[in-house]
Amino acid sequence: MNEATKQTPDALPREGATTDLPHDRITIELFREAFPRARWSDRLNAWFVPGRTAQKRIGRWRAQMEAQADAFANEKGRDAFAFEPIESRYLEAAPAAFEIRTPYSRSVVYEIREIPHARWDADRRLWTVPYRSFAELRQRWSAIEAAAERSEPEARRARREAIKGTEEDEAFKARIRERRRKRYPVPDDDAPPLERAVGTHVGVVFFIGTDGELADPAMVTRFYFPAADGEEYVWASWRLGTLEELVTTWPARTPPNQGERDRGWWMPTLEELRLARRHAKSRQRARERKHKDKSSGEPTANNA
């Protein structure tokens with residue numbers, strides 16, 4: 001630090017705000033240009049800007065610097081994409097960001113969420129990724145595209161046709177029939193709370209109650225999770241949560257441990273709640289569209 005930028009603590013004005021800066025020459029020079037009255041304080045180990053509005057002015061300056069840095073990074077990403085573009089039916093290079101629209105796939109969601117600054121646009125039903133994240137997008141794109149192609153309706157139908165009539169097909173149909181019963185095995189001596197979001201091996205559900213019917217351990221292992229030796233399970237009824245219920249549910253701070261997974265239920269994590277909320281929102285929109293279509297099809301007083 002040169003002598004011109006130093007000032008003793010006693011000389012600092014009473015009103016003002018402090019800020020720390022990266023230790024690089026360019027950033028400090030830009031800061032000094034924006035705040036010519038700023039002084040370094042050895043006592044505070046920070047830059048001191050005098051004035052009643054110093055905190056707000058520092059905040060605006062930081063936001064401006066971050067915006068400039070993002071713009072520069074986005075330009076670099078655009079240039080990299082122009083030099084070596086990704087050609088895919090699932091990706092569009094829009095003016096503001098990359099837009100990714102694929103069939104639903106857990107693998108796709110996992111891969112995209114690992115990309116910095118990726119965002120889900122619920123209104124347009126697509127993901128956006130800023131140009132500054134192009135390097136990470138390219139790194140994960142092959143996995144994203146492969147998972148999207150596997151999730152196409154035609155690909156799903158082809159896989160279903162390939163196993164039709166086989167033991168795998170019968171097992172799949174049996175799992176579907178079992179899920180439709182909306183029951184779940186829980187330990188007789190360690191039941192989950194009722195009417196509260198709970199994580200399970202079939203997703204986040206709200207348990208309603210149980211009539212005490214014992215669950216066959218073989219059924220538990222076949223359709224849900226490995227039954228513990230000597231453990232007694234009872235069937236508990238469940239329902240899906242509404243969007244409002246899921247949005248107001250606080251996630252668990254830590255993922256479930258092995259003991260909780262072996263038990264069969266746990267407090268849901270943020271990732272689990274996000275998935276459940278997305279499904280709940282889709283169900284809500286489907287009900288709204290159905291209600292709208294039904295209402296528009298009804299005769300009115302003018303055309304009856």
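Local features are reported at pLDDT of at least 70 and side-chain atom pairs at pLDDT 80 or more, while totals for chains, interfaces and linings use all residues of the predicted model. Residues are numbered from 1 along each chain as its sequence is written, and side-chain values use heavy atoms, with hydrogens and water left out.

**Pockets**

Rolling a probe the size of a water molecule over the atoms shows where empty space is left. A pocket here is an open set of points, on a 1 Å grid over the protein atoms alone, where a 1.4 Å probe fits and protein lies on both sides within 12 Å along at least five of seven lines, and its lining residues have an atom within 4 Å of a point. A volume is the space filled by probe spheres set on the points, which are joined across faces, edges and corners. Helices (H or I, at least four residues) and strands (E, at least two) are DSSP runs numbered from the N terminus. In the classes below, Ala, Val, Leu, Ile, Met, Phe, Trp, Tyr, Cys and Pro are nonpolar, Asp, Glu, Lys and Arg are charged, and the others, Gly among them, are polar.

| Pocket | Volume | Lining classes |
|---|---|---|
| Largest pocket | about 840 Å³ | 16 nonpolar, six polar, 10 charged |
| Second largest pocket | about 350 Å³ | six nonpolar, no polar, eight charged |

The largest pocket is lined by 32 residues, and those nearest its centre are Arg106, Gly203, Val204, Glu272 and Leu275. Helix H3 (106-113), strand E11 (203-215) and helix H10 (270-297) are the elements that give two or more residues to this lining, with H10 giving the most, eight residues.

The second largest pocket is lined by 14 residues, of which Arg113, Trp120, Trp127, Arg274 and Arg278 are the closest to its centre. At least two residues of this lining come from each of H3, strand E7 (119-121) and H10, and the largest share, five residues, comes from H10.

**Strands and hairpins**

In E4, five of its five residues are buried. Strands pair if DSSP finds at least two bridges between them; E2 and E4 do so in the antiparallel sense over four bridges, with threonine 18 opposite phenylalanine 48 in E4. Strand E3 (residues 39-41) is also antiparallel to E4, over three bridges, and tryptophan 40 stands opposite tryptophan 47. Four residues separate E3 and E4 in their hairpin, where asparagine 45 in the turn has a positive phi of about 55°.

In a regular strand the side chains alternate between the two faces of the sheet. In strand E8 (residues 126-129), Leu126 and Thr128 point one way and Trp127 and Val129 the other, and all are buried. E8 is joined to E6 by three antiparallel bridges, and phenylalanine 98 stands opposite valine 129. E7 and E8 also pair in the antiparallel sense over three bridges, with tryptophan 127 as the bridge partner of tryptophan 120. Their hairpin has four residues between the strands, and arginine 125 takes a positive phi near 60°.

Conventions. Buried < 20%, exposed > 50% of the residue type's maximum accessible area, 1.4 Å probe, protein only.
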